Amino acid sequence: ILNVEQSPQSLHVQEGDSTNFTCSFPSSNFYALHWYRWETAKSPEALFVMTLNGDEKKKGQISATLNTKEGYSYLYIKGSQPEDSATYLCASSGYSSASKIIFGSGTRLSIRP
Amino acid sequence: DVKVTQSSRYLVKRTGEKVFLECVQDMDHENMFWYRQDPGLGLRLIYFSYDVKMKEKGDIPEGYSVSREKKERFSLILESASTNQTSMYLCASSSLIEGGPSSTDTQYFGPGTRLTVL
């Protein structure tokens with residue numbers, strides 16, 4: 001994988017349901033994996049930064065896991081609420097100082113009340 | 001809280017015009033970035049800066065230039081706007097970790113400028 005890929009591109013979920021989506025990233029030269037939430041008309045906001053294989057981070061009902069050997073991360077939302085509607089971006093960064101953060105195209109999540 | 005502001009939320013310009021997009025951050029961050037975001041594509045890095053008067057090209061610098069005269073301000077310049085530069089432009093900043101630019105730094109984003117070039 002040369003780019004950061006996210007799937008699905010969009011997701012519609014009933015309020016109260018749990019959901020998850022995927023970020024795939026280059027596993028060579030990996031340094032950190034970032035998740036951001038981008039609500040409409042607002043700035044993207046950092047959710048998590050993970051660096052170690054097996055890392056798991058949690059913020060309220062949102063959690064994320066990291067597998068650096070196979071190059072993927074999952075974001076889970078338990079009991080979705082309308083305010084969770086947003087685009088979720090993941091980004092990968094590498095070791096060298098010349099590395100830049102590479103963003104995926106995002107998963108657009110809509111929660112139906 | 002970090003605050004990153006951008007000069008305009010919406011901007012409409014004509015082909016050939018020179019366009020300035022301004023970004024200001026209030027947390028004394030060393031690193032600043034300009035991205036554009038287009039439907040179906042991720043945030044693509046245009047230019048970034050690790051220090052005053054220092055700039056480096058990102059992945060899509062063609063048609064753009066930047067200026068960083070003061071630490072808190074990073075400007076994106078479209079020398080001669082074209083219709084394919086119609087996009088959402090996002091500015092971000094992050095702090096510098098000892099040892100050089102660190103790619104684990106969380107980036108703090110501005111609200112974006114939606115630029116339309118007619």
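A:Glu45 and A:Arg37 pair up through their side chains in a salt bridge, with 3.7 Å from N to O; the term covers a side-chain nitrogen of Lys or Arg within 4 Å of a carboxyl oxygen of Asp or Glu. A:Arg37 sits at 15% relative accessibility and so counts as buried, while A:Glu45, at 39%, counts as partly exposed. The cut-offs here are under 20% relative accessible area for buried and over 50% for exposed, with partly exposed in between (1.4 Å probe, protein chains only). This is a predicted model, in which local features need pLDDT of at least 70 and side-chain atom pairs count only at pLDDT 80 or more, whereas totals for chains, interfaces and linings use all residues. Residues are numbered from 1 along each chain as its sequence is written, chains are lettered from A and ligands numbered from 1 in the order in which they are written, and side-chain values use heavy atoms, leaving out hydrogens and water.

Over all chains, the structure holds nine salt bridges. In chain B, the side chains of B:Lys71 and B:Glu30 meet in one of them, at 3.8 Å from N to O. This pair ties together distant parts of the chain, 41 residues apart: B:Lys71 lies in the loop between strand S7 (64-70) and strand S8 (73-78) of chain B, and B:Glu30 in the loop between strand S3 (19-25) and strand S4 (31-37) of chain B. B:Lys71 is partly exposed at a relative accessible area of 25%, and B:Glu30 is partly exposed at 22%. Another salt bridge joins the side chains of B:Lys53 and B:Glu69, at 2.5 Å from N to O. Here the two partners are 16 residues apart, with B:Lys53 in the loop between strand S5 (43-49) and strand S6 (56-57) of chain B and B:Glu69 in strand S7 of chain B. B:Lys53 is exposed, at a relative accessible area of 62%. Through shared partners, salt bridges also join B:Asp28, B:Glu30 and B:Lys71 into one network.

As for the fold, chain A has zero helices and eleven strands; helices (H or I, at least four residues) and strands (E, at least two) are DSSP runs, numbered from the N terminus. Chain A has a radius of gyration of 14 Å, close to the 13 Å that the globule rule gives for 113 residues, so it is as compact as a globular protein of that length. That radius is taken over C-alpha atoms, and the rule is 2.2 Å times the number of residues to the power 0.38. Of the 113 residues of chain A, 49% count as buried.

Leaving aside neighbours within four places in sequence, A:Leu75 is in contact (heavy atoms within 4.5 Å) with residues including A:Phe21, A:Trp35, A:Phe48 and A:Tyr88.

Between the chains, 25 residues of chain B are in contact with 23 residues of chain A.
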